[in-house]
Amino acid sequence: AIILGIESSCDETSASICIDGEIKSNIIASQAIHAKYGGVVPELASRAHQQHIIPTVDQAIVQAKIHKNDIDAVAFTRGPGLLGALLVGTSFAKSFALARNIPLIEVNHMQAHILAHFIDDPKPEFPFLCLTVSGGHTQIVLVKDYFEMELLGQTLDDAAGEAFDKTAKILNLPYPGGPLIDKYAKEGNPHAFQLPEPQIENLDFSFSGLKTAILYMVQAQEKINPNFLQEQLADVCASVQSRIVSILLNKLKKAAKLTGVSRIAIAGGVSANSGLRKALLETGDRLGWNVFIPKFEYCTDNAAMIAIAGYQKYLQKSFVAQDVTPLARMHV
Ligand code: ATP
Ligand code: MG
Ligand code: FE
């Protein structure tokens, strides 16, 4: 079966073609406009999706070397995400399915981040644990089957990606700052600055205290040395990244112990972070985990993960009717 996947939940417009479970194209149009404002502006995101959606889908079809008429079903991100952004992808998918008289498949964006692990080999066996760390979410999920997932813990305030991006803002780095912190951290000393680890008993997370601690630390240092940020950017980035990574890994260890599950995956934009990937491999080695790390292009938002999730739903004949509407909030 040939599935067209559509993603438009935040600030990337993406289209992908999946043929019998194999990804043939994954076109991503990112929206540079938001950098100017230091964060995603919902209204601008909707307009950019509207401009990008047709050329993105066309390109995905051309690159997959198929014809529009060959497509058997359309899968789209129903939520969670920005409502105006979701509306563009949803409306496009509905029109496409209606015009070609093919089934329509809704996909949960957070489930899709996890199901990106079923694009390439090795694929994890069920059940496995997934740490989903993205711009809007931080979750530990027990994945029992493709669409049977249990949320074991989540953030009480900021997401891990937000912790990176808000810290970057304090450090005067442009949005999205996560990848930049990753880059500068490579040349810094992770032990240069002591940052707090929140004391939360269960599997929930908190990152807002860390952000405040970083702000106060930078302000105090700048009083002593006005050039502090220019001179010690790498050390600050390394210290921040190492703390975020240790918070994430400590919870994963706890979850593995509690559930007895030792197949451990990471997903979402922050799973592109080199410090997290390295620490997960090391911890996994030490504790005998079977570790699953996605390819870079499947970490941040992409339609390949929507198409692969859509393919599984296609096999289950799990379709939706034309009156389906997007949802800003949706649970895994
Ligand atoms: P959600 O999936 O929760 O709806 P989103 O779709 O906006 O949110 P993603 O596209 O999955 O999130 O991830 C974007 C986030 O990933 C941003 O916060 C970005 O800074 C972060 N990120 C991307 N690459 C890296 C990296 N190398 N290191 C740290 N953070 C990163
Ligand atoms: Mg994005
Ligand atoms: Fe996402």
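Visitor: How many nonpolar, polar and charged residues does the shell around ligand 1 have?
Guide: Start with the classes. Ala, Val, Leu, Ile, Met, Phe, Trp, Tyr, Cys and Pro count as nonpolar; Asp, Glu, Lys and Arg as charged; the others, Gly among them, as polar. Here the shell has six nonpolar, 14 polar and three charged residues. This is a predicted model: local features need pLDDT of at least 70, side-chain atom pairs count only at pLDDT 80 or more, and totals for chains, interfaces and linings use all residues. Residues are numbered from 1 along each chain as its sequence is written, while chains are lettered from A and ligands numbered from 1 in the order in which they are written.

Visitor: Which residues come nearest to ligand 1?
Guide: A residue is near a molecule or strand if its C-beta atom, placed from the backbone, lies within 6 Å of it. Of the 23 residues around ligand 1, the nearest are Gly-135, Gly-136, Gly-161, Gly-178 and Gly-269. Helix H3 (109-115), H4 and H5 each give two or more residues to this shell. Helices (H or I, at least four residues) and strands (E, at least two) are DSSP runs, numbered from the N terminus.

Visitor: At what angle do H4 and H5 pack?
Guide: Two packed helices are described by the angle between their axes and the distance between the axes. Axes are lines fitted to C-alpha atoms, for helices over the stretch in contact; angles run from 0 to 180 degrees between N-to-C directions. H4 (residues 160-170) and H5 (residues 178-185) pack at about 75 degrees, axes 8 Å apart. They are therefore roughly perpendicular (65 to 115 degrees; under 35 is roughly parallel, over 145 roughly antiparallel, the rest oblique).

Visitor: Which residues of H4 and H5 meet?
Guide: Contact means C-beta atoms, placed from the backbone, within 7 Å. Gly-161, Phe-164, Asp-165, Thr-167 and Ala-168 in H4 meet Gly-178, Leu-180 and Ile-181 in H5. Four of these residues are nonpolar, three polar and one charged.

Visitor: What is the strand order in the open sheet?
Guide: Strands of a sheet pair through backbone hydrogen bonds, either parallel or antiparallel. Pairing needs at least two bridges found by DSSP. Five strands here run E3-E2-E1-E4-E5, with mixed pairing. E3 (22-30) and E5 (104-108) are the edge strands. Six bridges join E1 (residues 2-7) to E2 (residues 12-19), and the two run antiparallel.

Visitor: Where does helix H1 lie?
Guide: H1 (residues 42-63) lies across E2 and E3, at about 25 degrees to E2. Helix H2 (residues 83-100) lies across E1, E4 (73-79) and E5, at about 155 degrees to E4.

Key:
Two residues are in contact if their C-beta atoms, placed from the backbone, lie within 7 Å.
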